[in-house]
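Open the model in your viewer and keep the selection panel at hand. The stops below cover aromatic pairs and then a pocket.

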Amino acid sequence: MSAALDSLLDLLDLERIEQDIFRGASRSAFVPRVFGGQVAAQALVAAGRTVPADRAPHSLHSYFLRAGDPGAPIVYNVDRIRDGRSFTTRRVVAVQHGQPIFHLSASFQTYEEGLEHQAAMPPAPDPETLPTAAQMLSRYADRFSGPEVVDRLLEARAAVDLRYVDAPPLGTVGVPREPRSQVWFRTNGKLADDPLLHVCMATYVSDMTLLDSVLLAHGRGGWAVGDVVGASLDHAMWFHRPFRADEWLLYDQESPSASGGRGLGQARIYTQDGRLAITVIQEGVVRVPLG
């Protein structure tokens, strides 16, 4: 296991300070605020620790309310909304400095047999044939203000092996493209056989690239290039089938709309053998800087 993955696992291992109150550490992302995927994953960890082990999360819906302070811990308050025969519902509010910064509702279900169908997995190359993040970023080093930007980007994603199928937004600045993007990802090391951990890790990664397709439609390079500013507004996920986050997952993303200073991203996540594991939808603020 890489040191970066070990650090991320520590970040997701919340401290229980009361029966339904948990505390998590914070750290800064590439931008000077807490990474949204971290808050969402920690909130799901908090919810999951109040649910029987035989009930797995099948959906979450969340809103990002305020920017998180990377210098302060986050307190997660869990409300036990409902415990039914098949489904369990939890609501989590993340609090910093006395104010809510994030709200999540999650539903858990016992396993049962049912009708089966799924959308087919789209074509994608073998992830092992694609450049690593370090190789990819070295191609576009001249797009950044200095070499330290590449180092910070690599540090922010060091726990995850994330590989773009085509050039990322920063690779084709000024050239609008079809609003679609594909990445393969897996953790940089093996994880324990805990289904909740794999779901929380996928939740963490899901916030990294989902709005790329919005940027592609307008030839924008992204937050690191500085030709847009933005933040996640809301995030929803549906977990369809079991998966492992330490094995390759294809993140197939697209943007159906951008308007009003907001962009919408939607995606499907497939296992390497073609099973549809997760559906994701996110809206974010996407603004062109003035001047």
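Start by selecting Phe185 and Tyr251: both residues are buried in this predicted model. Show their rings and check the geometry. The centres are 6.1 Å apart and the planes meet at 70 degrees; with over 60 degrees counting as edge-to-face, the pair is therefore edge-to-face. Now colour the two strands that carry these rings. Phe185 sits in strand β8 (residues 180-187) and Tyr251 in strand β10 (residues 249-259), so that the pair links distant parts of the chain, 66 residues apart.

How many aromatic pairs does the structure hold? There are three, and the next one to select is Phe64 with Phe102. Here the ring centres lie 5.0 Å apart with the planes at 55 degrees, so this pair is tilted. Phe64 belongs to strand β3 and Phe102 to strand β6, and the pair therefore ties together parts that are 38 residues apart in sequence. Phe64 and Phe102 are both buried.

Keep β3 and β6 displayed and move to the second largest pocket. Its volume is about 1100 Å³. Which elements give two or more residues to its lining? They are β3 (55-64), β6 (99-110), α5 (195-206) and β9 (229-239).

To centre the view on this pocket, select Ala56, Tyr111, Phe239, His240 and Arg241, which lie nearest its centre among the 36 lining residues. Finally, colour the lining by residue class: 18 residues are nonpolar, nine are polar and nine are charged.

Notes
Residues numbered from 1 in each chain as written. Predicted model: local features only at pLDDT ≥ 70, side-chain atom pairs only at ≥ 80, totals over all residues. Heavy atoms only, no water. 1 Å grid on protein atoms, 1.4 Å probe; cavity = no way out; pocket = protein on both sides within 12 Å on 5 of 7 lines; lining within 4 Å. Points joined across faces, edges and corners; volume = space filled by probe spheres on them. Helix = DSSP H or I, 4+ residues; strand = E, 2+ residues; numbered from the N terminus. Nonpolar A, V, L, I, M, F, W, Y, C, P; charged D, E, K, R; others polar. Phe/Tyr/Trp six-rings, centres within 6.5 Å; stacked < 30°, edge-to-face > 60°. Buried < 20%, exposed > 50% of the residue type's maximum accessible area, 1.4 Å probe, protein only.
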